[in-house]
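Here is a short tour of one protein chain. Keep the 3D view open while you read.

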Amino acid sequence: MPRWLLVLLLAMLAAPAASAAGFRVVLDPAVADGPVTGRLIVAVARTDQPEPRLAIGLNGPAVFGIDVEGLAPGAEVAVGADAAAYPLQSLDALPPGDYHVQAVLVRYTQLDRADGHRLWLPLTDRRVPFHAKPGNLYSTVQPVTLGPDAAPVPLRLAATVPALPELEDTPWIRRVRIRSEVLSAFWGVPIHIGASVLLPRGFDENPDARYPVVYVFGHGDAPFGFDPDPDSHGDAAVARARDANVETGYEFAQAWQGDDFPRVVAITFEHPSPYFVESYAVDSPNNGPYGEALTTEIMPELERRFRGIGQPHARIVEGASTGGWEALALQLHYPDFFGGAWVFNPDPIDFRNYLLSDIYADENMFSVPVNDWLHTERPFRRTREGQPLLDMRHLAAFEAVLGSRGRSGYQLDIWQATHGPAGEDGYPRLLFDKRSGAIDREVAAWMRDNGYDLSAYARDHWNRLAPRLRGKLHLFAGEMDDFYLNLAVYRFERMLREVAGDDYPARFEYGRPMKGHNWHHTDWAGVVREMATHVDANAPTAPAPADANEGP
């Protein structure tokens with residue numbers, strides 16, 4: 001026997017055998033009074049703390065997912081080698097060993113959309129990942145030993161994720177939930193948008209006062225993290241805040257309540273779509289008319305209830321990351337409705353840098369051709385020193401486990417649902433194939449032509465936008481943004497200088513050196529002071545109509 005063959009055989013014998021075990025998941029009749037449709041996910045973890053279903057994430061347990069349609073109470077479904085898998089290639093690649101396993105079924109709702117499509121989607125009005133949303137079904141955590149001879153593991157969906165507690169009013173924050181008629185008509189079910197309204201000092205004592213309104217597009221339940229509880233000002237909170245160059249929520253609360261702090265109302269939204277925990281705040285064939293809902297229904301009603309000035313100069317949008325894209329998109333598409341946008345580390349605003357892909361020129365989202373012989377994986381996330389941590393192929397694989405047809409509720413899928421067209425089946429027509437990474441150029445062109453590439457939109461409509469955006473754009477990004485988002489901001493600035501000239505009043509600031517995705521040029525109190533100064537400087541000499549608005 002040749003020596004090389006002997007070495008190969010010995011290596012194969014020494015390698016651990018793959019686990020061929022699957023899972024048999026039963027729907028307990030006690031938690032379902034009829035058939036259930038949704039996404040079934042099995043999580044396989046080394047530990048039971050936290051529960052595997054609660055640890056699902058890019059750095060969490062191994063996960064395996066399949067669609068279930070009309071699963072009857074008492075019926076069983078198998079999760080095997082054909083399930084979508086992350087981070088492994090398949091269930092068969094799971095190494096033998098001791099694990100803790102748990103199943104969770106993301107429940108879908110049948111929706112008859114106004115465009116005639118009947119869809120099954122995860123529906124919630126709360127800001128929570130879809131695999132953790134109320135109403136989902138899950139099994140107990142089960143310790144198992146998996147190996148090539150193991151029998152399929154039985155799991156029983158016998159528990160239901162409870163409803164989230166309602167957010168309560170505080171002396172400073174009022175909670176509001178408003179039904180949107182245009183969104184309800186689009187989706188065929190009642191759709192509500194929640195708002196947390198941070199009131200200025202003296203609001204109740206001065207019933208005739210009217211205030212500028214700052215719309216904060218963030219992921220938290222309080223604008224700018226406002227928290228008057230001194231116990232929230234711990235070492236960990238201070239460290240996180242200082243790393244981002246902002247203050248803690250407690251420190252911001254002290255400034256907000258101060259004698260010399262600007263008197264403004266700050267509002268943050270809870271506005272999930274059936275495709276993500278955030279709607280992305282614009283009209284979209286897949287998400288629905290969220291831009292129309294916010295600008296014609298929700299914001300005017302909030303300004304009526306909380307005594308907003310109701311004029312464009314006194315209506316500011318702010319956001320970071322997802323919220324950064326939302327803030328810029330609203331300012332561009334409704335230039336006469338908003339008086340300024342503070343945009344931090346936004347999601348891709350120029351699709352020539354859709355992260356690291358140019359979706360108009362590149363052929364593949366996953367692989368970068370180096371030469372005729374070599375290809376390298378396209379990163380998705382890096383450290384501030386530049387070390388790649390995760391790549392696009394793995395991100396897409398994770399989303400493929402969480403949901404098919406763009407229903408993962410995760411990052412790439414919501415971009416495609418927001419930016420792209422609906423397919424013939426009514427679900428989002430995806431920009432790229434999740435297995436191969438091949439880019440659909442027709443979808444890319446549709447995204448640009450319909451105004452979701454914000455840089456291209458501004459360029460194409462600059463003659464109309466130029467007088468309406470003067471002094472309103474304030475963009476900030478760290479030069480080592482964890483997700484390479486600074487690159488699209490650079491492109492947006494170059495575009496603006498090309499069409500408007502170097503003296504056009506728009507602001508761009510970059511965090512250097514080695515500032516990441518959380519970077520801010522000043523703390524939140526400083527941001528609000530900037531906004532208040534901007535409002536005062538742009539106040540009209542004569543009253544303007546309260547309903548000035550322009551849609552896309």
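The report below moves from the whole chain to single residues.

## Ground rules

This is a predicted model: local features need pLDDT of at least 70, side-chain atom pairs count only at pLDDT 80 or more, and totals for chains, interfaces and linings use all residues. Residues are numbered from 1 along each chain as its sequence is written, and side-chain values use heavy atoms, leaving out hydrogens and water.

## The whole chain

The chain has 13 helices and 26 strands. Both are DSSP runs, numbered from the N terminus: helices are H or I with at least four residues, strands are E with at least two. The C-alpha atoms fill a box of roughly 90 × 60 × 55 Å along the principal axes.

Buried residues make up 55% of the 552. Buried means under 20% relative accessible area, exposed means over 50%, and partly exposed lies in between (1.4 Å probe, protein chains only). Now take the contacts with a separation of 6 or more: residues 24 or more positions apart account for 72% of them. A contact means heavy atoms within 4.5 Å.

Two strands pair if DSSP finds at least two bridges between them.

β13 runs antiparallel to β14 (residues 192-198), and 7 bridges join the two. There, R174 stands opposite V197 in β14.

Axes are lines fitted to C-alpha atoms, for helices over the stretch in contact, and angles run from 0 to 180 degrees between N-to-C directions.

Helix α13 also packs with α4 (residues 249-256), at about 40° and with the axes 9 Å apart. F252, A255 and W256 in α4 meet W524, A525 and V528 in α13. These residues divide into 6 nonpolar, no polar and no charged.

## The hairpin of β7 and β8

β7 (residues 109-112) and β8 (residues 118-121) pair in the antiparallel sense over 4 bridges. L111 has L119 as its bridge partner in β8. The hairpin has 5 residues between the strands, and G116 takes a positive phi near 95°.

Which residues of β8 are on the covered face, and which on the uncovered one? L119 and L121 are covered, while R118 and W120 are uncovered. In a regular strand the side chains alternate between the two faces of the sheet.

## Two residues compared

I66 lies in strand β3 (residues 62-71). I66 is buried, because its relative accessible area is 13%. Residues touching I66 include G38, L40, V77 and A83.

Q49 lies in the loop between β2 (36-45) and β3. Is Q49 buried or exposed? Q49 is exposed, because its relative accessible area is 60%. Q49 and H313 are 264 residues apart in sequence and 50 Å apart in space, C-alpha to C-alpha.

Definitions and conventions:
Ala, Val, Leu, Ile, Met, Phe, Trp, Tyr, Cys and Pro count as nonpolar, Asp, Glu, Lys and Arg as charged, and the others, Gly among them, as polar. Lists of a residue's contacts leave out its neighbours within four places in sequence.
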